[in-house]
Amino acid sequence: MEMEEIVEEETSGKHENMVEITVKTIGPARPSRLHVPSSIKVLDLRKLIARKNHLPVENLKLILQGMVLHDHEDEDDIYVRFNDGDYLIVAVKPKAPVGLDIDDDDEDLKFQLPQSTSQWKKKLYSFLRNRMKLHDIVLMAIFSLGLKAWALIILWFTLAPIAHKLDLGPLYILGTGFCLIFLNLGRRQPGDVSAYSIFNEDFRELPGTLNADAIDRDIRTGQF
C-alpha cells in the first residue's frame with residue numbers, strides 16, 4: 001500500500017532545505033509523506049498538518065521520537081529540526097460532548113506562572129521544570145514565596161550552624177517557632193472582635209459563644 005504524498009509548495013522557490021518526513025495520524029488514516037523545511041516552528045507545522053488533513057489545529061498533538069512538541073516556551077516560539085525520513089505521530093484530542101465544558105489538556109493541570117510574571121522568573125521556571133525536572137508541587141512552593149521570605153529562609157539556614165556550635169540549637173528552634181506565631185498573628189481592624197472575650201472591651205463575647213454561663217442560663221429558662 002503506497003502512502004499518500006503531500007508536498008508543501010515553497011513560495012520563495014528554494015528547496016535546498018526541504019526534507020521529507022512521514023506523518024502518521026492515530027486512527028484509520030494512512031501514513032502520508034510531507035515535505036517541510038528542515039527547521040520549522042512547531043506552531044506552523046501544526047497549522048500545516050491541520051490544513052492538509054482538515055483537522056482542528058487546537059486539538060492536535062505532535063509527537064516526535066516519543067516527545068510531545070510544544071508551540072512555545074517562555075513566550076518564545078519553539079523550532080523543531082527534521083531529517084529525511086523522520087516519523088511524526090499526530091494525535092487528535094476528541095472534542096468534548098455538546099453542553100459540557102471539559103478540557104482534557106494535561107498542561108492545564110500543571111502549575112503555571114501568571115502572564116504578568118517577570119522574564120527572569122519565567123526563565124528560572126523553565127530551567128527548574130524542563131532541565132531539573134522538579135515536580136509541580138515543588139515549583140509551586142518555590143514561586144509562591146516572595147523575595148523577603150526567601151531572604152529570611154537563607155538567613156535562618158546561615159545562622160543555624162552558628163546556633164549549633166554554641167549549643168543553642170533547641171533554643172534557636174523554639175525561638176523560630178515563637179517568631180512564626182507572632183508574625184502570623186495579624187492585626188485587628190478597629191471594631192473587630194476577638195474570638196477570646198478576654199481581649200475584648202468589657203469582656204464582650206461573640207454571639208453564639210457556648211460557655212458555662214450560657215448553659216446555666218438555658219437550663220434555668222427551660223431551653224436546654
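Modeller: Before we start, a salt bridge here is a side-chain nitrogen of Lys or Arg within 4 Å of a carboxyl oxygen of Asp or Glu. Also, what you're looking at is a predicted model.

Biologist: OK, how many salt bridges does that rule give?

Modeller: The count comes to 4. One of them joins Arg33 and Glu20.

Biologist: How far apart are the closest N and O atoms in that pair?

Modeller: They're 3.6 Å apart, and the cut-off is 4 Å, so the pair counts.

Biologist: And where do those two sit in the chain?

Modeller: Arg33 is in strand β3, residues 32-37, while Glu20 belongs to strand β2, residues 18-25. The two are 13 residues apart, so this pair links distant parts of the chain.

Biologist: New topic: which residues make up the nonpolar patch on the surface?

Modeller: Among them are Leu152, Leu155, Ile162, Phe178, Ile181 and Phe182. Together the patch residues have about 1200 Å² of accessible area.

Biologist: Which elements give two or more residues to it?

Modeller: Those are α4 (147-165) and α5 (169-183). The largest share, 5 residues, comes from α5, and Ile181 is found in that helix.

Biologist: How do α4 and α5 sit against each other, roughly parallel or antiparallel?

Modeller: Their axes come within 9 Å and cross at roughly 150 degrees. That makes α4 roughly antiparallel to α5, because angles over 145 degrees count that way.

Biologist: Which residues make the contact?

Modeller: From α4 you have Leu155, Trp156, Leu159, Ala160 and Ala163, and from α5 there are Gly169, Tyr172 and Thr176.

Biologist: Is the crossing left-handed or right-handed?

Modeller: For α4 and α5 it's right-handed.

Key
Residues are numbered from 1 along each chain as its sequence is written. This is a predicted model: local features need pLDDT of at least 70, side-chain atom pairs count only at pLDDT 80 or more; totals for chains, interfaces and linings use all residues. Side-chain values use heavy atoms; hydrogens and water are left out. Patches are made of residues with over 30% relative accessible area and no salt bridge: like charges are joined within 9 Å, nonpolar side chains (Val, Leu, Ile, Met, Phe, Trp, Tyr) within 5 Å. Accessible areas come from the Shrake-Rupley method with a 1.4 Å probe; for residues, only the protein chains shown count as cover. Helices (H or I, at least four residues) and strands (E, at least two) are DSSP runs, numbered from the N terminus. Axes are lines fitted to C-alpha atoms, for helices over the stretch in contact, and angles run from 0 to 180 degrees between N-to-C directions. Angles under 35 degrees count as roughly parallel, over 145 as roughly antiparallel, 65 to 115 as roughly perpendicular and the rest as oblique. A crossing is left-handed if the near helix is turned anticlockwise from the far one by less than a right angle, and right-handed if clockwise. Contact means heavy atoms within 4.5 Å.
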